Amino acid sequence: MKQTTNSILMIRPVAFRMNEQTAVNNYYQKVIDGLLPATVNAKAQQEFDDFVIKLRAVGVKVIVVNDTLNPDTPDSIFPNNWVSFHENGDAAMYPMFAENRRAERREEILDQLEEEGFKIENIVDYTSAEEDGYFLEGTGSLLLDRANQKAYCALSPRADEELFIEFCEDFDYAPVIFEAFQTVDGERKLIYHTNVMMCLGETFAVICSECIDDKKERKMVLDNLKEDGKEVILITEAQVNNFAGNMLEVRGADNARYLIMSAAAHQSLTDKQIAQLEKHATILSSSLDTIEACGGGSARCMMAEIFLPLA
């Protein structure tokens, strides 16, 4: 199985804003004072468009779908939370914590991928878990090491352990389960998504191991990464706050490897970390300041990787 893909799905926002329903446990969201909603959305659209241009310029195939004004989906820019696409032709649909995010799951988006020549054989639907108050937010909650058939998950209100294990059984992944924390007003609180503190590349892993408070769990996670031959690149909690964990490795033209991140993430890295990363992939960064502040998510969250077979 491939770990990286050349094809990604991105959703262009039409009414992007800070989502009050997700802010209850996403402590990375901030209110930008004095900006009208229309201004916030216009800035987010500009950041989105610039980002897509940069990705396409290096040969990444980006399928852009425009969001719709109705229903109101302020977080639609983060599609990787509601869907994932797999080499066997499966698309998985995930249960979402925030009620107003559930409307992001639009069938016509899957139709558009099929029009682009991808083949969806089967939909694996976990969304009924929402009715019982259990959630698993796609590749925000799940970090898939597709090549080694392992899935990493930091448990949180948005990542239920039983659902995660069910996913692993369905897709034949070995589960690696832990808890990751951040300091919020002097208190240790669960990090809402695994992909904020960790990134899995083909030959490397970026992780904030200091977020894993339990020493046994921390060792277990690091051991798993090392036994699969990945170079482990450690980042700090301060760097996590700049979205340095929220990166994604993709393939560009001629199969070249690119590590995609925001400008804030890139700027937070030390020279040593940049040198470590550049042994594995070329860094490509773009300014996502408005999206990061209001959305509490960054570059990785904006890209749903497409591993589907071609029709």
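The model is predicted, so local features need pLDDT of at least 70, side-chain atom pairs count only at pLDDT 80 or more, and totals for chains, interfaces and linings use all residues. Residues are numbered from 1 along each chain as its sequence is written, and side-chain values use heavy atoms, without hydrogens and water.

**The sheet**

Helices (H or I, at least four residues) and strands (E, at least two) are DSSP runs, numbered from the N terminus. Three strands form an open, mixed sheet, in the order β14-β15-β16. Its edge strands, β14 and β16, each pair on one side only. Pairing requires at least two DSSP bridges between two strands. β14 and β15 pair in the antiparallel sense over 4 bridges. In this pairing, Glu249 stands opposite Leu259 of β15.

Helix α1 (residues 37–57) lies across β15 and β16. It runs at about 160 degrees to β16. Angles run from 0 to 180 degrees between N-to-C directions, with axes fitted to C-alpha atoms, for helices over the stretch in contact (heavy atoms within 4.5 Å).

**Helix α2**

Helix α2 spans residues 107–115. Buried means under 20% relative accessible area, exposed over 50%, and partly exposed in between (1.4 Å probe, protein chains only).

| Residues of α2 | State |
|---|---|
| Ile109, Leu110, Leu113 | buried |
| Glu107, Glu115 | exposed |

The buried residues pack against β1, β2, β3, β4 and β5. Gly117 follows α2, with a positive phi near 105 degrees.
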